[in-house]
Amino acid sequence: MQEGAAQPRAAVDVRGLVKRFGLTVALDGIDLRIDAGESMALFGPNGAGKTTLVRCLASLSRPSAGEIQVFGLPLDDGHGEVRRRTGLVSHETFLYGSLSVTENLLFQARLFALSDPAARVADVVARVGLESRRDDPVRTLSRGLRQRCALARALLHEPDLLLLDEPFAGLDPSAADRLADELERLRDDGRTLLLTSHDLSRGARLSDRFAILHNGLLVADGAVESSDRVSEIYRQRTRA
Amino acid sequence: MRQAAWIVRKDLQHELRSREAFLSTLLFAVVVLLIFAFAFDPGPADIERVGPGILWSALLFAAVLAIGRSMLTEREDGAIDGLLLAPMQRSSIYVGKACALLLLLLSTQLPTLLLFVVFFDVPVLPATTRLVPLLSVLLLASTGLAAIGTTVSAIAVRSRSRELMLPVLLFPLVSPLLLAAVESTSAALAGDGLSAVSGWIRLMLAFDAIYLGIGYLTFPALLED
């Protein structure tokens, strides 16, 4: 399907996704579509399967059954094209504490074989406001600064799809606000965002659509009208 | 494979900064050598008989510390996921980690060998029949240790009882390699040269190839959920 046709292009297309860990079914037949440029919040109680779904989309976890396509490509395309177009921010930073901000980002930029990695690193460091701490070891940064560094890492290769798994976890209110502002800018840039959060109002504010996972099942999927409405649906659908 | 080289560089950068694995591994090996030196005090005649066992006991037990650290750094704050997200063959991660571990092992084993020579008054000349064979055995055995150690470390680090899991998995797997290393070292200390133990050398080469093949093929699956 071409851009601009009646149906927009799917950034993420998940069909019948099942993920089992031994006898535990973490995801039980998930069907989910996110259009390119859309921003979606994924809510659900602890253990609902949000992180598992994000890890499957990021090709960190192999599905037990079902199909995932990102920008029309199967995850395991053999060339890493999907990974080249996907970024992930998690509550873990994926950074090395003993290396500085710049060293960590340069390492990542080289793994992605970016041209002129030093310039690209300087660009994202400025974007997340870490210039004054760029030579400091990551372990000396506060949780908020480390999360900004993690965002810089995820943005290094200019991904079209940004997966955000509980990115506000452990952040104080001002650090969370700053991160939310940056995510709003990314959404306004036209990137596709998938955000998991327990913070319904913040998640709803950042998203065009929302979905709710409960016990590995997708129990709601719709447009965000207001955060109050999202909260109401969340309470209804996640009742035990 | 270019990415593998960046992983080696990153691991060395990390080690130069922290020196955690280098210092603990070297210190452990030195302590083991000292204990044997005081306990046995072997004369020149005994060293050909007990020397290889002393040397490889020190090297193997010390290597376990370095092997254990190898994948642990990748688990801290989910760093391994950062590697898995990169658009590269995931076997490149194995190659990079194994090469970095090999360099770390060699960097601790060379001073350990020097101390072994000094403590036990081991003759290493003429170099062609003693020192060169000794260094060759060290390189071959270390390659095997790094190759299987990286794989085992990736398995053990996912386990809650990783300190127990690592030696339980590693020691049986490296037994043939260690046996060949001890026999070859014995010949090197006796000044027989490598030609006298070509069978053991071929065995070490074969195990290096097997360990590398297993690691290269299985490592991506070991890292995924």
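Q: In which loop of chain A is the place of Gly129(A)?
A: This is a predicted model. In chain A, helix 4 covers residues 117–127 and helix 5 covers residues 143–155. Gly129(A) has its place in the loop between helix 4 and helix 5 of chain A.

Q: Does Gly129(A) count as buried, exposed or partly exposed, and why?
A: A buried residue needs 20 or more other C-beta atoms within 10 Å, while an exposed one has 12 or fewer. Gly129(A) has 13 C-beta neighbours inside 10 Å, and therefore it counts as partly exposed.

Q: What separates the C-alpha atoms of Gly129(A) and Ala152(A)?
A: Along the chain, Gly129(A) and Ala152(A) are 23 residues apart. In the model, the separation of their C-alpha atoms is 9.6 Å.

Q: Which helix of chain B gives the most to the side of chain B that touches chain A?
A: The contact takes 25 residues from chain A and 21 residues from chain B. On the chain B side, helix 1 (2–18) and helix 4 (79–84) each supply at least two residues. With seven residues, the one that gives the most is helix 1 of chain B.

Q: Which element of chain A has the highest mean pLDDT?
A: Chain A averages a pLDDT of 91, and 95% of the residues score at least 70. Among its elements, helix 6 (residues 173–188) has the lowest mean, 89. The highest mean, 97, belongs to helix 3 (residues 101–111) of chain A.

Q: Over which residues of chain A does pLDDT stay under 50?
A: Where pLDDT is low, the predicted coordinates should not be read in detail. For the stretch in question, the model has three contacts beyond four places in sequence. The stretch with pLDDT under 50 is residues 1–5 of chain A.

Conventions: Residues are numbered from 1 along each chain as its sequence is written. Chains are lettered from A and ligands numbered from 1 in the order in which they are written. This is a predicted model: local features need pLDDT of at least 70, side-chain atom pairs count only at pLDDT 80 or more; totals for chains, interfaces and linings use all residues. Two residues are in contact if their C-beta atoms, placed from the backbone, lie within 7 Å. Helices (H or I, at least four residues) and strands (E, at least two) are DSSP runs, numbered from the N terminus. pLDDT is the predictor's confidence in each residue, from 0 to 100.
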